[in-house]
Amino acid sequence: MATEIKPADKEMLTQFLLRMGDNTLILGHRVSEWCGHAPVLEEDIALANTALDLIGQTQLWLGYAAEVMDDGKTADDIAFLRDAWDFRNLLLLELPNGDFGQTLMRQFLFDAYQSILLPRLMKSSNQAVAEIAEKASKEAAYHVERSAETVVGLGDGTDESHRRMQAALDRLWPYVGEMFVSDDVDAAMAAAGVAPDPASLRAEYDALIGKVFAEATLTIPDSDFTHKGGRNGKTHTEHLGHLLTQMQWLQRAYPGATW
Amino acid sequence: MAAARLPGRNVVTDREHITAGPTLPDVAQVWDWLHAVPDPEIPVISLTDLGIIRGVAYEDDTLIVTVTPTYSGCPATSIINLDIETALRGHGVEKLELRRQLSPAWTTDWITQSGRDKLEAYGIAPPQPAGGPDKCPHCGSQLVEKMSQFGSTPCKAQWRCTACLEPFDYFKCI
């Protein structure tokens, strides 16, 4: 996956790859917390499979990030040996799972984003990014099909399931905007043709979720307030540290352990 | 998309290797050996049936086997690599390198016809472009319904036959 990289662009590209990989890593971990706890067996298996796809994508993104960083680290080192302030995932993805409806609502909000972003990345000027996106976009397409279907099923379901899905959307909506807040890293990636400016994805995203929420009889909150600080690592929520104590437990208890 | 194999039967470059020390197996022979390596999760089909072996070639005297993953997180991937290595080393291949290829991304179109037949005989409905099984692999009824988009491995979904009432795996079409 060798692609010539100018040293000046290395730091920006690394940040971009960490954002991609940390998103799938942190959501993959959150979703895996459901393993053995889902309301029915089929959903348990579906959640575990989704988590597995996300962790697989993480290996590709962070594996390439390690290659770009070129300082002897591996994808595992990046996942297990960093602390909260080094993570670059969206705040949305580190929030606790809540109930099953909230988990699937978050999944849909993220799947919808990935299903729009990844096909654009397939046209990246960076060959490795394009190849990872090609692989991941097939999985994302499958994920959004399921999460959208579940959001519709539960939103337009019983009174209780509708109430819970609306509560989940109200709770998570203030975290959606962060996906589209552009900064210097995004500008550098857009200028180099590596990735689109995330702000340019918003219209398509709003159209997709608008269609699904209409069918689900759910109302998008009338507020554009946005929590941010995950993608740039400036202000994570208090939940990320707790997540890492679980995810990184083995390396913290037995530093350097391998098998 | 029979591109899965149709391997190097017409690749004659191995002749030049014959003079260089021990004889290297020709590429067609290597493909034949790989035909016999079962998928670790669905042992009824081979790795070549699955269409994940993307290339067999020599670079100097090193045998390069190029493999593409089915799903990026499929836990079988590392076992598959181990099985390929074990099989080929067992046939005396000494210099071997496995390469991962992500693009073009694996598609179920690369599963061979014989692979599809073997899946169905085993009770797994083969992938269909329509996005669901065309019939129950047990009784042949077309009265089937989806139970879950996911199944026992990343590549499968769970369906059920409403005629014979048996649940079955469906190989997802991607």
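Thanks, everyone. Because this is a predicted model, local features need pLDDT of at least 70 and side-chain atom pairs count only at pLDDT 80 or more, while totals for chains, interfaces and linings use all residues. Residues are numbered from 1 along each chain as its sequence is written, and chains are lettered from A and ligands numbered from 1 in the order in which they are written.

Let me begin with the two chains. Here 15 residues of chain B are in contact with 19 residues of chain A, where contact means that the C-beta atoms of two residues, placed from the backbone, lie within 7 Å. On the chain B side, those residues comprise eight nonpolar, seven polar and no charged; Ala, Val, Leu, Ile, Met, Phe, Trp, Tyr, Cys and Pro count as nonpolar, Asp, Glu, Lys and Arg as charged, and the others, Gly among them, as polar.

Turning to chain A, helix H10 covers residues 238-247, and within this helix Leu240(A), Leu243(A), Leu244(A) and Met247(A) are buried. Buried means 20 or more other C-beta atoms within 10 Å of a residue's own, exposed means 12 or fewer, and partly exposed lies in between, with C-beta atoms placed from the backbone. Helices (H or I, at least four residues) and strands (E, at least two) are DSSP runs, numbered from the N terminus. On the other side of H10(A), Glu238(A), Thr245(A) and Gln246(A) are exposed.

Now to chain B, where an open sheet of four strands runs in the order S4-S7-S6-S5 with mixed pairing, two strands being paired if DSSP finds at least two bridges between them. Strands S4 (124-125) and S5 (144-148) of chain B stand at the edges with a single partner strand each, so one side of each is left without a neighbour in the sheet.

Going across the sheet, S4(B) and S7(B) run parallel and are joined by two bridges, with Ala125(B) opposite Tyr170(B) in S7(B). S6(B) and S7(B) run antiparallel over five bridges, and Lys156(B) has Phe171(B) as its bridge partner in S7(B). These two strands, S6(B) and S7(B), form a hairpin with five residues between them, and Leu165(B) in the turn has a positive phi of about 70°. S5(B) pairs with S6(B), residues 156-161, in the antiparallel sense over four bridges, and Val144(B) stands opposite Cys161(B). Finally, S7(B), residues 167-171, is mostly covered, as four of its five residues are buried.
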